[in-house]
Amino acid sequence: MANFFKGDLKIIMSKEIPYKIYLEENEIPKQWYNVRADMKNKPAPLLNPATHEPATLEELEQVFCTELAKQELNNDDAYIDIPEEIQNFYKMYRPAPLVRAYCLEKALDTPAHIYYKFEGNNTSGSHKLNSAIAQAYYAKKQGLKGVTTETGAGQWGTALSMSCSYFDLDCKVYMVKVSYEQKPFRREVMRTYGADVTPSPSDTTEVGRKILAEHPGTTGSLGCAISEAVEKAVSTEGYRYVLGSVLNQVLLHQTVIGLETKTALDKYDITPDIIIGCAGGGSNLGGLISPFVGEMLRGEKDYEIIAVEPKSCPSLTRGKFAYDFCDTGKVCPLAKMYTLGCDFIPSANHAGGLRYHGMSSILSQLYDDGYIKATSVEQTEVFKAATQFARVEGILPAPESSHAIKVAIDEALKCKETGEAKNIVFGLTGTGYFDMVAYQKYNDGLMTDYVPTDEELEASFAKLPKM
């Protein structure tokens, strides 16, 4: 055993690039990058669900904080200043390291160079804190009493409960029922930080009761939880709704991931060939790739960018690019996105954060314009890759992140076949220490795969709004 580690250390120390590329505190981004400013084809506007006209600032202010509504509609400013209070909070856990996966490379016997941006080094365990603290800050600045939200696997709810605690805001979380039951410890972290957590769909809202009546015994979905959170926000004085993915404002905040990644790579003159991220609603992927896509949009560089989604909820790879409601209860604005239909309720897979029926309008437009590719993978293959990664890299990854790991491994093995030493970068969005029920199912051989049939998807597509 000693000889193994001695040999490994000799290999690692002979490399010019360290295991972890750290940035200095003063290299944490001071501005978010708004990729829409460089997009020739802008994302289609949100539509008022009643009039089907583009949503105005005044209409969005009824649901979102004013400053966040302004960010949602901002297609022109390439860079938006990060308030000093948010910068100071970022310093508690940023900059996040960019890690060279030497041990994974060795295990795969690949000439590829694999890097991952690790966003799990904070109490919430994921990248979600980057936007949660920003949204809580704007809510506090506006003088609100509290906020409502939805959460799938619980990373977003955990991050938001932490942020609300920091700013002394009330936090009401609607957690997708299957995740509420599968991930009780993440639920308890939220409660520890003072959040009120309700399994969704619930009987505490009108839309929740309606969904339960139409789908008795349902395990819920992010679309259901969004509907309940929005209803609670608009019916409670002094509250606004905030969310952890999909919308432009969230992708904007998450660009700290990509900006730091690019700075770290530039320090060692590394140009990525392939950039990979898991894709549910789009916050992690959009945040990671935005600065690189910006270079592509400006004609400066070219990259291969791959979005990875579960086969059980394949919005990009099998969805329709159309206007659809952002929520199951049809109370939110309509967004033009790749969607499976707002009535689609995916199977109860263990990657709760990737169970949204649609994809960010920004990413949907970039995908439709050919700037990014997409693939989908089955759950058991994802956990096989997660286990392999954990055993050699020493981090137990979240199920969501493991979708990116799976495809990064696939691409590295292609390099082994061709002999190409490509630079592969992927986003490790968080840790999986609260996902042990999922790992138990995999280890016990009880995990299954479910792929929706064409007939199921067509039935959902038939209900898309007629625009």
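Q: Why is Tyr241 called buried?
A: Its relative accessible area comes out at 2%, and buried means under 20% (exposed is over 50%, partly exposed in between, with a 1.4 Å probe and protein chains only). So Tyr241 counts as buried. Bear in mind that this is a predicted model, where local features need pLDDT of at least 70 and side-chain atom pairs count only at pLDDT 80 or more. Side-chain values use heavy atoms, with hydrogens and water left out.

Q: What makes Phe64 and Tyr241 a tilted pair?
A: Rings of Phe, Tyr and Trp (its six-membered ring) pair if their centres lie within 6.5 Å; planes under 30 degrees apart are stacked, over 60 edge-to-face, and the rest tilted. Here the centres are 6.0 Å apart and the planes sit at 40 degrees, so tilted it is. Phe64 is buried too, at 4% relative accessible area.

Q: Why is the pair of Tyr137 and Tyr138 called edge-to-face?
A: Their planes are at 65 degrees and their centres 5.1 Å apart, so the pair gets that label.

Q: How do you know that the charged end of Arg187 sits over the ring of Tyr180?
A: The test wants NZ of Lys or CZ of Arg within 6 Å of the ring centre and within 35 degrees of the ring normal. Arg187 qualifies, with its charged end 4.4 Å from the centre of the Tyr180 ring. Lys336 sits likewise over Phe321, at 4.8 Å.

Key
Residues numbered from 1 in each chain as written.
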